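Subject: Structure handover

Hi,

Here is the structure for you to look over. My notes follow below it.

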Amino acid sequence: SCLPSPNTLIYHDSQTKTCAGSCISGKYPDTLNECQLCVSPCSTCLDAVNCSSCVTNMWLYGFACMAICPSTYFNSSNGRCESCHSPCQDCKSLSVCTTCLVGFYSNNWCVNASSCPSGTYANTTTKVC
């Protein structure tokens with residue numbers, strides 16, 4: 001066990017048999033100040049249920065790891081679910097929209113009907129230029 005220092009918490013890692021001011025990456029302190037392993041799919045975590053990063057091929061959405069980000073978000077290269085920017089409704093990245101908000105048309109990015117590229121028109125059925 002670890003002796004508490006004045007004004008600081010000391011965490012015990014029973015696996016490495018060490019005492020430290022914080023748990024190492026991939027572990028979290030429980031209510032008894034024991035360092036516990038994060039549970040997959042968390043790579044790092046705040047506690048037993050809240051992730052702060054995810055294993056490979058999973059993305060952080062809030063404090064949960066997901067294989068696919070929810071609608072209106074995309075799987076970013078930083079391991080997080082990132083929000084699509086308006087007027088995109090759904091997107092593959094910050095620069096590629098797959099569907100647009102009402103009144104906008106897709107041309108890999110969402111544009112007003114009057115902004116469709118020369119030689120194209122705003123198709124009201126397919127919602128693309």
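One cut-off first: a residue counts as buried when its relative accessible area is under 20%, as exposed when that area is over 50%, and as partly exposed in between. Please also keep in mind that this is a predicted model.

Disulfides

I started with the cysteines. A disulfide is a covalent bond between the sulfur atoms of two cysteines. Searching the whole structure turns up ten disulfides. Three of them are described here, among them Cys2-Cys19, Cys69-Cys81 and Cys84-Cys91.

Cys2-Cys19

The sulfur atoms of Cys2 and Cys19 sit 1.9 Å apart. The torsion about their S-S bond is about -95°, so this disulfide is left-handed. Cys2 belongs to the segment before strand 1 (11-13), while Cys19 is in strand 2 (residues 18-20), so the pair ties together parts that are 17 residues apart in sequence.

Is Cys2 buried or exposed? Its relative accessible area is 18%, so Cys2 is buried. Cys19 has a relative accessibility of 43%, so Cys19 counts as partly exposed.

Cys69-Cys81

Cys69 and Cys81 form a disulfide with their sulfur atoms 2.1 Å apart. Its S-S torsion is about -90°, so it is left-handed. Cys69 lies in the loop between strand 8 (64-66) and strand 9 (73-75), and Cys81 lies in strand 10 (residues 81-83), so the bond ties together parts that are twelve residues apart in sequence. Both Cys69 and Cys81 are buried.

Cys84-Cys91

Cys84 is joined to Cys91 by a disulfide, S to S 2.1 Å. Here the torsion about the S-S bond is about -95°, so this disulfide is left-handed. Both Cys84 and Cys91 are buried.

The hairpin

Next, the strands. How do strand 11 and strand 12 pair, in the parallel or the antiparallel sense? Strand 11 (residues 88-93) and strand 12 (residues 96-100) pair in the antiparallel sense, over four bridges. The two strands form a hairpin, with two residues between them. Ser93 has Val96, in strand 12, as its bridge partner. In a regular strand the side chains alternate between the two faces of the sheet.

If you open the model, I would begin with Cys2 and Cys19, which form a disulfide, and then go to the hairpin of strand 11 and strand 12.

Best wishes

Terms used
Residues are numbered from 1 along each chain as its sequence is written. This is a predicted model: local features need pLDDT of at least 70, side-chain atom pairs count only at pLDDT 80 or more; totals for chains, interfaces and linings use all residues. Side-chain values use heavy atoms; hydrogens and water are left out. Two strands pair if DSSP finds at least two bridges between them. A disulfide is a pair of cysteine sulfur atoms within 2.5 Å. Buried means under 20% relative accessible area, exposed over 50%, partly exposed in between (1.4 Å probe, protein chains only).
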